[in-house]
Amino acid sequence: MSVLGLGIETSCDETAIAIVRDGREILSQPLFSQIDLHNLYGGVIPELASRSHYDKIPFLLKHAFSEAGISPQNLDYIAVTVKPGLTGSLLVGYQTALAVHDITGKPLIPVHHLEAHILAVYLSGDLPDFPFLGVLISGGNSAIYRVDDIGSISLIGNTMDDAAGEALDKAASLLNLPYPGGPQIEKLARSFLSQKDNTSTENPLPIPLRDLPRSEVRFSFSGLKTALLYLLEKQKDAYSREHLAWAFQERVIESIDRNIKHAVDISSIRRVVVSGGVSANGMLREKLEQNAAKVGYTLFIPPKQFSTDNAAMVAAAGYLYFAAKKFPVQNYVSSDNAFNFSLYRN
Ligand code: KG4
């Protein structure tokens with residue numbers, strides 16, 4: 001018998017609902033992106049984000065049930081992102097999920113946003129065998145985790161300052177590109193490489209944490225951003241915008257690639273899931289695919305549409321918990337990113 005799940009995601013600037021059968025077959029997934037709203041300010045404004053979620057969520061919910069052709073009573077579970085994220089935004093999604101749960105009596109499954117990004121890989125195929133490495137590179141996180149089971153995740157290494165996506169967004173802003181910067185930087189980087197007269201692929205930007213020992217997993221992007229700022233101030237016309245976009249992205253990609261190699265070495269785990277908004281980057285994907293074969297690990301990356309925030313990944317994560325009869329306990333939303341849900345089995 002099939003299992004029908006509702007996924008709700010409102011942790012940042014996307015209001016997203018998904019109705020999914022068996023954790024994978026998407027019946028409806030309306031999403032409202034607030035990018036235009038925050039673009040005016042160059043970053044996400046929390047108060048505007050929560051108000052926008054509040055405005056849009058009733059329509060998206062109604063649309064999802066109508067498109068899926070089911071009623072709330074047909075659901076088997078309700079999955080909702082409860083952490084980490086913007087508190088006001090999370091509350092809108094959580095309160096909506098609670099209302100559906102109260103009306104239907106169906107189990108409410110609180111979902112950790114970062115775990116949902118990692119489990120998004122289930123939307124396009126089976127999960128790799130446990131344990132595997134979960135590499136999370138998004139606007140809010142750059143970290144590598146060891147995933148031993150559903151709900152059993154431990155941190156291997158983190159960023160010391162900015163997240164990869166945050167760094168790309170800030171670099172884009174320095175280059176006068178709109179938010180979110182990652183896709184804009186990728187476009188310019190590709191155009192730099194395709195320029196016919198492009199003979200110099202000299203990278204004028206420093207390698208972050210150049211001397212990082214192989215026994216460590218660690219990211220740092222704030223120095224890279226400062227280096228770009230100084231370069232723009234001091235040698236404004238020395239490099240084209242395309243060249244600088246390529247150079248910055250190249251350093252970010254190298255850092256992700258190198259840290260994955262270190263994590264594989266340290267853990268001896270050779271199954272690697274790469275997810276989060278930055279994993280939508282085609283040039284990163286190409287580099288990792290080449291290097292996975294060389295280094296000897298198997299790479300799993302969710303399709304691009306599930307790299308950035310979406311509710312299908314929340315529904316998929318909820319399904320995996322539901323199927324395993326594991327129910328995390330978290331009675332409120334939280335902005336911290338610790339994996340500290342306790343689980344009960346029914
Ligand atoms: O996972 P996500 O949608 O939101 C969270 O941060 O949770 O990630 C958004 C981030 C932004 O920083 C955005 O610039 C980046 O993902 N991003 C990209 C690309 N598409 C989105 N970065 C590099 N290349 C892309 N194609």
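The structure is a predicted model, in which local features need pLDDT of at least 70 and side-chain atom pairs count only at pLDDT 80 or more, while totals for chains, interfaces and linings use all residues. Residues are numbered from 1 along each chain as its sequence is written, and side-chain values use heavy atoms, with hydrogens and water left out.

Let me begin with the ligand. How many residues surround the ligand? There are 21, and the closest are Gly139, Asp169, Glu186, Gly277 and Asp309.

Next, the polar contacts, meaning pairs of N or O atoms within 3.5 Å. His113 places a polar side-chain atom 3.5 Å from an oxygen atom of the ligand. Gly165 has a backbone N or O atom 3.2 Å from a ligand oxygen, and for Gly182 a polar backbone atom is 3.0 Å from an oxygen atom of the ligand. Of the 550 Å² of accessible area that the ligand has on its own, the protein covers 89%; such areas come from the Shrake-Rupley method with a 1.4 Å probe.

Which elements give two or more residues to the shell? They are α4 (113-119), α5 (164-174) and α6 (181-194), and α6 provides the largest share, 4 residues. Helices (H or I, at least four residues) and strands (E, at least two) are DSSP runs, numbered from the N terminus.

Why does the ligand lie between the two domains? Domain 1 (4-120 + 306-345) and domain 2 (126-304) both give residues to the shell, so the ligand lies between them. The domain bounds come from an automatic or database domain assignment.

Finally, the backbone. A cis peptide bond joins Lys83 and Pro84, with omega about -20°; Pro84 is in the loop between β5 (77-83) and α3 (87-104). Another cis peptide bond joins Tyr179 and Pro180, with omega about -5°, and Pro180 is in the loop between α5 and α6. Ser268 is not a glycine, yet has a positive phi of about 60°; Ser268 belongs to the loop between α8 (241-267) and β11 (271-275).

Terms used
Near = heavy atom within 4 Å. Polar contact = N/O pair within 3.5 Å; in protein donor to acceptor, adjacent residues only side chain to side chain.
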